[in-house]
Amino acid sequence: MMTSIRSVLWASAAVLAAGSASAEDLEVTHWWTSGGEAAAVAELAKAFDATGNKWIDGAIAGSGSTARPIMISRITGGDPMAATQFNHGRQAEELVEAGLMRPLTELAGEEGWTDVIAAPGLLESCTLDGDLYCVPVNIHSHPWLWLSNKAFEDAGVPVPTNWAEFVAAGPALEAAGKIPLAMGKQPWQAWTAFFVLTLSLGGPDLYTKVFTEKDTDAAAGPEMAAVWAAADDARKLAAKSNVQEWNQATNLVIGDEAGGQIMGDWAQGEFQVAGEVAGQDYSCLPGLGQPEPYLTTAGDAFYFPALSDDAKTEAQTQLASVIFSREAQLAFNLKKGSLPVRKDVDVEAANDCMRKGLEILAKGDLVPATDQVLSPDTTTQMQDLMIEFFSGTDMSVEDAQARFTEILGDAY
């Protein structure tokens, strides 16, 4: 199957190349540096290079919180790259408002993006004042619990099917010398765990009231108190997890040193690179195993800084078209562990976990990711609170909930 996909991809690229006036080198910045991420981004580079142009890789080590300030500084400082990754949502809003990003409205209209997009909210997140400014590359959902089947076998307990069973298995995992919950020390990872607990245990209505509507009464109420109690369980289960990066935490699960990890579906790329088989070596619980799981429509998108060079601007258009194509969407997302943004992609090769995600996507059980509804400033404050909370047990759940509500009250 992959041979035929590659043939179609090259054929499609050749058509694009035939219409190109010149071949151009385009620097593309992103923060995809883990094994699974690097394998995925290589598919995009290969597809763009097949047009006769050249993808100049500008990977920035570290997470998005490390890379984004560098990207923004270059764009505002007059040294823009040709294309850059951001997450869906408001991260590039000020750059767009400043006129530093070029619109893709005409291309999207010509290619009928609105007709094939799997989650319309992704294009809405790219739109400002009627113009579209980015091309979504994937649908990443945060609410997943990844489990090492062997870790639970070693601990003598069944592989959990929901969060409550996972928490209950904690003592057995610890007795077997395992870390119950793997979690890196970066603030965004603690924040991810928290809002995943809010959505999965509190439900979509509570999640919407708190993060979209910014309802401080709900944030201070008993339903959120229950979420904070679950967060307290999570920080205790993760107390002996002493890694920094998210993929290091994933590798603890892959190596059967940890029972599980709350992480977005990009973790699946790491399992695949390691040769792990979904449903056999590891298990995945969307929505932390709740009966009616919901996913977030998070993910990545490429924005294109406004350039004065007409030839490079034309090459940007070709790159945007390649990224949104069916062939590149399939090749990239199979390696990345995410879902394609197009609903007309053949996903015959999808594994057990991707199929679970696609079923939820088909039902429309989705909510916007926090990046789509909170400003970068609010998100940073939330992350700072969460890493302080998860770093020990000094902060009580009552104090944490009060500070959370205060931050939310100032959100915009």
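Buried here means under 20% relative accessible area, exposed over 50%, partly exposed in between (1.4 Å probe, protein chains only). Strands (E, at least two residues) and helices (H or I, at least four) are DSSP runs numbered from the N terminus.

A note on the source: this is a predicted model, where local features need pLDDT of at least 70, side-chain atom pairs count only at pLDDT 80 or more, and totals for chains, interfaces and linings use all residues. Residues are numbered from 1 along each chain as its sequence is written, and side-chain values use heavy atoms, leaving out hydrogens and water.

Next, the neighbour: E7 (residues 144-148) runs antiparallel to E10, joined by 5 bridges; pairing takes at least two DSSP bridges. Trp-144 stands opposite Pro-286.

How many disulfides are there? I count 2, taking cysteine sulfur atoms within 2.5 Å as a pair.

Cys-284 bonds to Cys-353, S to S 2.1 Å. This pair links distant parts of the chain, 69 residues apart: Cys-284 is in E10 and Cys-353 in helix H19 (residues 352-363). Both cysteines, Cys-284 and Cys-353, are buried. The S-S torsion of Cys-284 and Cys-353 is about -110 degrees, so the disulfide is left-handed.

Cys-126 and Cys-134 form a disulfide, with S to S 1.8 Å. Its torsion is about -70 degrees, so this disulfide is left-handed.
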